[in-house]
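Student: Hey, I've got a model open and could use a hand reading it. Can we go through it piece by piece?

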Amino acid sequence: QVQLVESGGGLVQPGGSLRLTCAASGFSLSLHSMRWYRQVPGKERELVAAINNVGDITSYSDSVKGRFTISRDNAKNTVYLQMNSLKPEDTAVYYCNRPIMDYWGKGTLVTVSA
């Protein structure tokens, strides 16, 4: 069955970096665009970044543009989110999403705090 498993979250100081990983299984990742979302308790889930199936087209929310980079390695069935210059307002649970049929992982918590 389709599975998406996020990892790489944790506690980081403002200005620091983290790389999130989404391990995909149960389907051919190379056929699918993928997305990263984030959610703060009490707020709506926010689309952070998206990438097409071959990785040559990406898009970002204004809040992370220039700081975050989405990428993928289809041979490793993995999607990444490199997060640099982290801010306290980036604190959230980050989710990997496959838009077609709307599959989600369980999320990984990123906390940006001094």
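Student: What share of the contacts in the protein chain with a separation of 6 or more is between residues 24 or more positions apart?
Tutor: That share is 51%. Contact here means heavy atoms within 4.5 Å. Before we go on, keep in mind that this is a predicted model, where local features need pLDDT of at least 70, side-chain atom pairs count only at pLDDT 80 or more, and totals for chains, interfaces and linings use all residues. Residues are numbered from 1 along each chain as its sequence is written, and side-chain values use heavy atoms, with hydrogens and water left out.

Student: Okay. How many helices and strands does the protein chain have?
Tutor: Zero helices and 11 strands. Both are DSSP runs numbered from the N terminus: helices are H or I with at least four residues, strands are E with at least two. Read along the sequence, the pattern is β-β-β-β-β-β-β-β-β-β-β.

Student: And what does the radius of gyration say about the overall fold?
Tutor: The protein chain has 13 Å, which agrees with the value near 13 Å for a compact globule of 114 residues. That radius is taken over C-alpha atoms, and the globule rule is 2.2 Å times the number of residues to the power 0.38. The C-alpha trace spans about 40 × 25 × 20 Å along its principal axes.

Student: How much of the protein chain counts as buried?
Tutor: 39% of the 114 residues. Buried means under 20% relative accessible area, exposed means over 50%, and partly exposed is in between, using a 1.4 Å probe and protein chains only.

Student: Let's talk sheets. In what order do the strands of the open sheet come?
Tutor: The order is S1-S3-S8-S7, four strands with antiparallel pairing. Two strands pair if DSSP finds at least two bridges between them. The edges are S1 (3-7) and S7 (68-73), each pairing on one side only. Neighbouring strands are turned by 15° against each other on average, direction ignored. The axes behind that angle are lines fitted to C-alpha atoms, for helices over the stretch in contact, and angles run from 0 to 180 degrees between N-to-C directions.

Student: How many bridges do S1 and S3 pair over?
Tutor: Five, in the antiparallel sense, with S3 covering residues 18-25. One to click on: Val 5 has Ala 23 in S3 as its bridge partner.

Student: What about S4, which strands does it pair with?
Tutor: One is S5 (residues 46-51), joined to S4 by five antiparallel bridges. Tyr 37 stands opposite Leu 47 there. S4 and S5 form a hairpin with six residues between them, and Gly 42 in the turn has a positive phi of about 90°. S4 also runs antiparallel to S9, again with five bridges, and Arg 35 stands opposite Asn 97 in S9.

Student: Switching topic. How many disulfides does a search of the whole structure find?
Tutor: One. Cys 22 is joined to Cys 96, S to S 2.1 Å; the cut-off for a disulfide is a pair of cysteine sulfur atoms within 2.5 Å. The pair links distant parts of the chain, with Cys 22 in S3 and Cys 96 in S9, 74 residues apart.

Student: Are those two cysteines buried or exposed? And why is the disulfide called left-handed?
Tutor: Both Cys 22 and Cys 96 are buried. The torsion about their S-S bond is about -75°, so the disulfide is left-handed.

Student: Which residues other than glycine have a positive phi?
Tutor: Among them is Asn 77, with a phi of about 55°. Asn 77 is in the loop between S7 and S8 (78-83) and is partly exposed, at 32% relative accessible area. Ser 85 also has a positive phi, near 50°. Ser 85 sits in the loop between S8 and S9 (92-98) and is partly exposed at 40%.

Student: Last one: where is Thr 108, and what does it touch?
Tutor: Thr 108 is in strand S11, residues 108-112, and counts as buried at 10% relative accessibility. Not counting residues up to four places away in sequence, Thr 108 touches several residues, including Glu 6, Leu 20 and Tyr 94. A polar atom of the Thr 108 side chain lies 3.1 Å from the backbone nitrogen of Gly 9.

Note on methods
Polar contact = N/O pair within 3.5 Å; in protein donor to acceptor, adjacent residues only side chain to side chain.
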